[in-house]
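This report covers a sheet with its packed helices, and then the surroundings of a ligand.

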Amino acid sequence: MPILLDGEKTAQIIKNELKEEIKKAGLRPGLAVVLVGKNPASRVYVRHKKKACAEVGIKSFSYELPAETTQYELMELIEKLNLNKKIHGILVQLPLPEQINEQKIIQSVDPKKDVDGFHPLNAGRLMLGLPGFRPATPLGIIELIKRYNLDLVGQHAVIVGRSNIVGKPLFQLLLSEHATVTMCHSKTKNLLEITKQADILVAALGQPRFIKKNMVKKGAVIIDVGINRLRSGKLVGDVDFDKVKNITEAITPVPGGVGPMTIAALLINTVEAAGCIH
Ligand code: NDP
């Protein structure tokens with residue numbers, strides 16, 4: 001039987017630990033959550049993040065701005081949040097409306113409050129192996145693998161998807177854990193030949209049930225990052241879970257795998273930003 005990598009349960013354990021850390025430190029970490037517009041998926045993510053903050057004792061400060069907000073107005077708000085001593089972390093929920101330049105906004109967040117780990121300074125620190133905030137989804141994935149005591153050292157990890165928020169930072173994190181890492185994307189030739197070599201296969205491409213049984217090596221560990229809503233309303237990952245699971249050593253479900261771990265990792269970063277963990 002494969003091990004089901006339970007992100008819900010693991011995230012709960014992490015939340016309990018963080019709650020204790022916060023109590024011990026006697027601090028009140030603050031997270032500003034900025035949402036622009038009414039993107040339904042973003043609203044759901046923001047709601048989950050605020051709920052998780054409340055559970056562990058992080059105060060969330062909510063900023064919901066209209067879809068017509070200009071780049072200047074958003075930057076003004078971020079400038080205020082950068083200076084606010086009660087706020088230790090700033091999260092600007094992506095995607096932003098098209099009149100706003102995402103990169104400029106990311107770069108306007110104080111790197112010391114960049115709990116999403118998207119600022120170029122933190123991206124550079126990750127690349128160089130220096131301390132800094134790591135993006136939540138990759139950090140959550142590494143945490144999940146470690147908490148289940150799965151091997152990383154010397155393992156061949158294959159990542160499908162090279163986005164700035166998942167694939168690229170995960171590449172660096174896996175490398176720093178001494179995995180041998182291969183990165184694939186939409187132009188990769190012979191994808192199946194590469195995924196079949198993976199000891200750890202990460203699917204982060206955003207295509208429902210794309211990874212089929214014939215693309216997976218027997219005994220592989222499968223991390224499914226994808227969140228895809230089918231017409232029926234059902235949420236599925238990027239892996240054909242039902243057909244793939246029985247040949248794996250371990251696999252994450254969707255929902256209940258990487259999603260909750262992403263939120264747990266955001267909380268870890270926020271608690272660290274507030275100085276509760278050293
Ligand atoms: P992006 O759309 O930014 O990137 C997708 C990547 O997948 C690109 O690098 C693209 O290649 C590659 N890709 C697309 N199609 C193929 C294909 N047929 N074969 C090989 N590679 C392909 O996605 P994100 O990284 O933002 O998100 C990926 C998925 O993860 C989505 O379903 C998203 O909802 C989910 N997600 C889940 C999170 C969680 O907390 N669980 C957090 C973040 C994302 P190219 O670069 O060549 O275009």
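How many bridges join strand β2 to β3, and do the two run parallel or antiparallel? Seven bridges join β2 (residues 30–36) to β3, and the two strands run parallel. The model is predicted: local features need pLDDT of at least 70, side-chain atom pairs count only at pLDDT 80 or more, and totals for chains, interfaces and linings use all residues. Residues are numbered from 1 along each chain as its sequence is written, and side-chain values use heavy atoms, without hydrogens and water.

The open sheet has three strands in the order β3-β2-β4, with parallel pairing. Because β3 (59–65) and β4 (89–92) each have a single partner strand, one side of each is left without a neighbour in the sheet.

Helix α2 (residues 40–56) lies across β2, β3 and β4, at about 170° to β2. Angles run from 0 to 180 degrees between N-to-C directions of axes fitted to C-alpha atoms, for helices over the stretch in contact; contact means heavy atoms within 4.5 Å.

The ligand is surrounded by 21 residues (a heavy atom within 4 Å). Helix α10 (residues 258–273) gives the most to this shell, with three residues.

| Side chain | Distance to N or O atom |
|---|---|
| R162 | 2.7 Å |
| S163 | 2.6 Å |
| S186 | 2.6 Å |

How values were computed. A polar contact is a pair of N or O atoms within 3.5 Å; within protein, one must be able to donate a hydrogen and the other to accept it, and residues adjacent in sequence count only if both atoms are side-chain atoms. Helices (H or I, at least four residues) and strands (E, at least two) are DSSP runs, numbered from the N terminus. Two strands pair if DSSP finds at least two bridges between them.
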